[in-house]
Amino acid sequence: MICEAIVNLEEIRQFFAEEIAEVANIQTERLVAAFARVPREHFLGPGPWKIANPDALQTPAGHAKSVNYRNTIDDDPRRLYHNIVVAIDPEKQLNNGQPGSLATWLDALELQEGDEAVHIGCGVGYYTAIMAETVGPSGHVVGVEVEAHLAKRANENLSYLGNAEAVYADGGKYDPAPLDALFVNAGATFPRAAWLDCLRPGGRLVFPLTITQDNNFHSMGFMVKIKRQANGYSARFLSSVMIFPCLGARSDESNQRLREALMKGTWGTVQSLRRDKHDADDTCWLHGEDFCLSVSAVQSESNT
């Protein structure tokens, strides 16, 4: 019976991975295989588990609200293999995020075998493990977590993998070594210079660019993908997001600038991120102190 249960759970994980691949339109086969291999229950601990109600996930931008939870009917690990949000700390509304959304963002990272990557805001390490399985034993992934007890728990959870670890640090201040990919899982009002500096040629950064509302746990906005090109950084928005804020990558001034930019409703026109000093003009969608999201494309080498 035990062997049968194990086989059934492996089959369930495989079906789960295939389902998430369809939901998120995953293009990276290694990422699909990673969802099939990583045991979600290992990271979330024994059940029953608290599941976020679906209506909490259908919140219009700018109107965050409290998340309500329901309990799974038992502690069968099969309950976790759905496209659901599972509470880590329900009082703080801290969750293990929705696989379909995370899969979309991780797919945008274009993780390849042998890549070195960092996951800021790793929580209990589940998605860090999926990243580690995707880059394989020749790659390496570091999870960064600002809550000490979660960082410790994530490091213990990841110990069965030879190519992943978690560290206790503020992701907004964390200075990573040169990387192929950086995934930030906490909302910022601007990209930290260190996040851009660490990208190798062709390196990818995916992070939430979000605004905060008064008296809310979460920040809201859009996921952004930045890719380091030969002559600059391409940029594009991916999807909407409601997420915990990254305190080390926020300011009141940049929050207000971002709010005004989002109100224009033209985020789909963004094509690049500029770091050169320049005066704001019509091509600047969001003109910050040390960066600018621009509607202009990155110059090709032939034009330089």
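Figure 1. Helix H5 is followed by Gly136, a residue with a positive phi near 75°. This is a predicted model, in which local features need pLDDT of at least 70, side-chain atom pairs count only at pLDDT 80 or more, and totals for chains, interfaces and linings use all residues. Residues are numbered from 1 along each chain as its sequence is written, and side-chain values use heavy atoms, with hydrogens and water left out. Helices (H or I, at least four residues) and strands (E, at least two) are DSSP runs, numbered from the N terminus. H5 is mostly covered, with 10 of its 10 residues buried. Buried means under 20% relative accessible area, exposed over 50% and partly exposed in between, for a 1.4 Å probe and protein chains only. The buried residues of H5 include Tyr126, Ala129, Met131 and Val135.

Figure 2. Thr128 belongs to H5, which spans residues 126–135. Its relative accessible area is 0%, so Thr128 is buried. Leaving aside residues up to four places away in sequence, Thr128 touches His119, Cys122, Val141, Val142, Gly143 and Leu158; contact means heavy atoms within 4.5 Å. The side chains of Thr128 and His119 are joined by a polar contact of 2.8 Å. A polar contact is a pair of N or O atoms within 3.5 Å; within protein, one must be able to donate a hydrogen and the other to accept it, and residues adjacent in sequence count only if both atoms are side-chain atoms. Thr128 and Val141 lie 13 residues apart in sequence, with a C-alpha to C-alpha separation of 7.0 Å.

**Figure 3. Packing of helix H2 against helix H5.** Two packed helices are described by the angle between their axes and the distance between the axes. The axes of H2 (residues 29–37) and H5 come within 8 Å and cross at roughly 130°. H2 is therefore oblique to H5. Axes are lines fitted to C-alpha atoms, for helices over the stretch in contact, and angles run from 0 to 180 degrees between N-to-C directions. Angles under 35 degrees count as roughly parallel, over 145 as roughly antiparallel, 65 to 115 as roughly perpendicular and the rest as oblique. The crossing of H2 with H5 is right-handed; a crossing is right-handed if the near helix is turned clockwise from the far one by less than a right angle, and left-handed if anticlockwise. On the H2 side, the contact involves Arg30, Leu31, Ala34, Phe35 and Arg37, which meet Tyr126, Tyr127, Ile130, Glu133, Thr134 and Val135 of H5. The residues of this contact comprise 7 nonpolar, 1 polar and 3 charged. Ala, Val, Leu, Ile, Met, Phe, Trp, Tyr, Cys and Pro count as nonpolar, Asp, Glu, Lys and Arg as charged, and the others, Gly among them, as polar.

**Figure 4. Packing of helix H4 against helix H5.** The H4 and H5 axes come within 12 Å and cross at roughly 40°. The two helices are therefore oblique to each other, and their crossing is right-handed. Pro99, Leu102 and Leu106 of H4 make the contact with Tyr127, Ile130 and Met131 of H5. By class, the contact of H4 with H5 has 6 nonpolar, no polar and no charged residues.

Figure 5. Asn163 is found in the loop between helix H6 (148–157) and strand E7 (164–168). With 6% relative accessibility, Asn163 counts as buried. The Asn163 side chain reaches the backbone oxygen of Ala132 at 3.0 Å. Beyond residues up to four places away in sequence, Asn163 touches Ala132, Val135, Gly136, Pro137, Gly139, His140 and Val141.

Figure 6. Gly47 and Pro48 are joined by a cis peptide bond, with omega about 0°. Pro48 sits in the loop between helix H3 (40–44) and strand E1 (50–52). Gln93, although not a glycine, has a positive phi of about 55°. Gln93 is placed in the loop between strand E3 (86–89) and strand E4 (94–96), and counts as buried at 7% relative accessibility. Glu110, also a residue other than glycine, has a positive phi near 55°. Glu110 is found in the loop between helix H4 (99–108) and strand E5 (116–120), and counts as partly exposed at 27% relative accessibility.
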